[in-house]
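Hi everyone, thanks for coming. Please bring up the model on your screens, and we'll walk through it together.

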Amino acid sequence: MDGIALNQPLTYPFTLRLVFSIAVAGVSGALAWAGHAELLPLALILPAAWALAPCRLCAGAVAFVYHVAAARDVPQGAAIFFGTADVSGWFLVIGAGLLYALPFAALWSRNFTAWRGLLALLLVSLPPIGVFGWANPITAAGVLFPGAGWLGLAAVIALFAALTRWPLLALPLPLIVTLIQVEPPPAPAGWVAHDTSFLMASGQQDYLADAQRQQSIIEDVYRSDAKVVVLPETIVGRWSDASLFLWGELAQHARNKGQTILFGAELANGSGYTNSVLGLDVDGATPVYSQLMPVPVSMWKPWTDAGAIPQWFEVQTAIIDGQRTAFLICYEQLMAWPPLVVMLGDPDVLVGVSNDWWARGTSIPGIQRSALIAWSRLFGTKLIFAVNE
């Protein structure tokens, strides 16, 4: 029997393995996802800690603690986003952690084989569990195997499987991390990210505040001579005819200069909307990317007809300034399957846009940047990201 008999005493070796495996998982989750790309390989300590767990329940606890440690700043951000001081953010983190732990608990066995680790990894990487599968260890592929693309991804998956079978192979990882230096991939020539720092309210739309914010951005962008200007996620709010009235003069100005402006906005779609990146021209705004996975609960609300509509596995690229361009919007940067879907389009440039006003002062914006750097390095793309923070 894989579990613990109810009358089984906690022996010292059992207790030691339990405490050690959970502690190691928690430390690896916290350090790997601290917002520094160089530390991402420490996430690969998770399969080793899982293999060392002394029982099935303990194995689930290892994965749970890793996930919660990586998502430690979500409750603080959720409290700001929803405007509450309650513990709802912790319920979100705990619920996601339990889902993440489920495959690791179900597939644990005293007699480890590589397929168990691979199957657990697959289940937490893809929907439905992958919708909450933040902090995926395979993100480290871009740090360990830069430029290797799909072969590098296969290599880190094989390493994950090997560490479930031979956990002592993880011992050199901390030393390896101290030797790694990660340079962010360069932005395309002539492209500029225009970061902003607007406080934005969740819930009911404030049209006056939206108009004032947009006018401020328009004035800044008007003075830019960049070939491509990238603005943050949902910085325009809900796109409408009134928005085009505000942006029309800038669109004509950009066209005269041969300039492209990319910005985040919500596009009405029936009773819901798509969280999108739009390209501005004189005739209006053309969608170039719609988010594969909006944030569950706050944006994606499958229990209603409203909310953001996922695009799931739709491969989307756009030709911007003669370069094939892919996009990742905010929440997608924290998971595994959206980056892999967009990389199926074989892009030359990866654009990341985020609206992190609610996460100001937390590790979340840094984690997003480190993940974007890792995915861009893995597939050898240029990288640019814009954030409202």
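Let's begin with helix α2, where the buried residues are I45, L46, P47, A48, A49, W50 and A51. By buried I mean under 20% relative accessible area, while exposed is over 50% and partly exposed lies in between, using a 1.4 Å probe and protein chains only. Helices here are DSSP runs of H or I with at least four residues, strands are runs of E with at least two, and both are numbered from the N terminus. Because 7 of the 8 residues in α2 (residues 45–52) are buried, this helix is largely enclosed by the rest of the structure.

A quick word on what you're looking at. This is a predicted model, so local features need pLDDT of at least 70 and side-chain atom pairs count only at pLDDT 80 or more, while totals for chains, interfaces and linings use all residues. Residues are numbered from 1 along each chain as its sequence is written, and side-chain values use heavy atoms, leaving out hydrogens and water.

Now zoom out. The chain has 13 helices and 9 strands, and 54% of its 389 residues are buried. Along the principal axes, the C-alpha atoms fill a box of roughly 75 × 45 × 30 Å.

What about the inside? The largest nonpolar core has 120 residues, and W247 and F263 have the most contacts inside it. A nonpolar core is a set of buried Ala, Val, Leu, Ile, Met, Phe, Trp, Tyr and Cys residues joined through side-chain atoms within 4.5 Å. Helix α13 gives the most to this core, with 9 residues.

Let's stay with F263 for a moment. Leaving aside neighbours within four places in sequence, F263 is in contact (heavy atoms within 4.5 Å) with several residues, including W247, W239, L231 and A285.

My last stop is D356. Where does D356 sit? You'll find D356 in the loop between β8 (349–355) and α13 (364–379). Is D356 buried or exposed? It is buried, with a relative accessible area of 0%. Again leaving aside neighbours within four places in sequence, D356 is in contact with C330, P365, Q368, V387, N388 and E389. For a sense of distance, compare C58: the C-alpha atoms of D356 and C58 are separated by 35 Å, and the two residues are 298 residues apart along the chain.
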